[in-house]
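The sequence and structure come first.

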Amino acid sequence: MAPMGIRLSPLGVAVFCLLGLGVLYHLYSGFLAGRFALFVLGAGGGGGSGGAVAEEEEAAAAGGVLGGGLVDLRELLAASVAAAVRGGVEVKRVREANALQEKAKGKTREGAEEKMTRGDLLSNRKMYYLLKAAFPGVQINTEEHVSADDEEVVPWDRTVPEEIKRQIQPNFVQADSVTVWIDPLDATQEYTENLRQYVTTMVCAAVNGEPIIGVIHKPFSGYTAWAMVRGGSNIKPRSSYNEQTPTIIVSRSHEGTVKQVAWQTFGNKTVIIKAGGAGYKVLSLLDVPEVDQEKADVYIHVTYIKKWDICAGNAVLKALGGHMTTLAGEDISYTGADGNEGGLIASLKMNHKALIEKLPVLDKTSQN
């Protein structure tokens, strides 16, 4: 109850309340405006860019890995292309100078001699150190051993090609979720025999084991295929594939085993192409504008194979809607051990599951 002699007007109470609300609105809107300005300008002045975006871009320009351990996959794709091409320069130079310095580095599980050349080593060094300098927080697995005595500065200007920019937006992931696989010279045996068409350099980036970025470069022709899963690519599938009597591409060293299986499965009219290099075999499934690139419908490998041989091709096929799995139809994880025990089958624009079911005579758990 109001004190004696003081009477409250309803209109006055309403005006008082409105004034109070106005004061609160003014204070709160000022707070929001300040927060918005901080976001727009950034802690150090963003020049019109969002503070978070400016921070990411500045950190990326400084070294590839952002504060908080983030990596831009678009930039990693650009670096992977640059690395594959840079390694290819060494591969081509050594071969054309006939300075291979070939030697054996061991034997495969099938007993075949594994060779290594100066081209392998120099390409590996250029590719590894370019990527390591650009993305120091990312794990890099490579076919050839890297010694501290071999360390060198391999510059990269961090330029993202316009072809990549047009298709792919920046995409940041945790650096510790990324594993890069480098094959500095795929088809070394064929390289020593001067069968240049089979030779490639390859880079793949997997995120939590899933192949996401794939680059396959042919040093002697200069052709480069790249793709990013859920991103874009500079290569596409062919217009048609033969699913009834497919042409099958296999390793030169395993032609007999796969030929027998193919004829039993698809009939004796099935064509078998024997070729060197996993990168070349994946390209045979795609629309590659080169006359010396053979064309196949299915790629099959029946024995153990290293992940740096297949990761890039797996990523390219996956980006285009294709498949590369073990012979049992399992996805291949690109973490952990560096080998794939279950063989592989790769296809594009075909019923992949049906293909696997047609191969009952293969030992799908073979670990030869």
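Lys274 lies in strand S12, which spans residues 272-275; strands (E, at least two residues) and helices (H or I, at least four) are DSSP runs numbered from the N terminus. With a relative accessibility of 44%, Lys274 counts as partly exposed, a class that falls between buried (under 20% relative accessible area) and exposed (over 50%), using a 1.4 Å probe and protein chains only.

Leaving aside residues up to four places away in sequence, Lys274 touches Tyr198, Val250, Ser251, Arg252 and Glu255, where a contact means heavy atoms within 4.5 Å. Lys259 is 15 residues from Lys274 in sequence, and their C-alpha atoms are 9.7 Å apart.

## Basis of the model

This is a predicted model, in which local features need pLDDT of at least 70 and side-chain atom pairs count only at pLDDT 80 or more, while totals for chains, interfaces and linings use all residues. Residues are numbered from 1 along each chain as its sequence is written, and side-chain values use heavy atoms, with hydrogens and water left out.

## The five-stranded sheet

S12 belongs to an open sheet of five strands, ordered S12-S11-S13-S17-S15, with mixed pairing; two strands pair if DSSP finds at least two bridges between them. S12 and S15 (323-325) are the edge strands, each with a single partner, so one side of each has no neighbour in the sheet. From one strand to the next, the twist averages 20 degrees; axes are lines fitted to C-alpha atoms, for helices over the stretch in contact, and angles run from 0 to 180 degrees between N-to-C directions.

S15 pairs with S17 (residues 344-347) in the antiparallel sense, over three bridges. His323 has Ser347 of S17 as its bridge partner. Helix H9 (residues 307-319) packs on the sheet and touches S15 and S17, its direction making about 140 degrees with that of S15.

## Helix H4

H4 is mostly covered, with twelve of its 17 residues buried, including Leu122, Met127, Tyr128 and Tyr129. At the start of H4, a side-chain oxygen of Thr117 comes within 3.2 Å of the backbone nitrogen of Gly119.

## The chain overall

The chain contains ten helices and 17 strands. Of its 368 residues, 49% are buried.

Terms used:
Polar contact = N/O pair within 3.5 Å; in protein donor to acceptor, adjacent residues only side chain to side chain.
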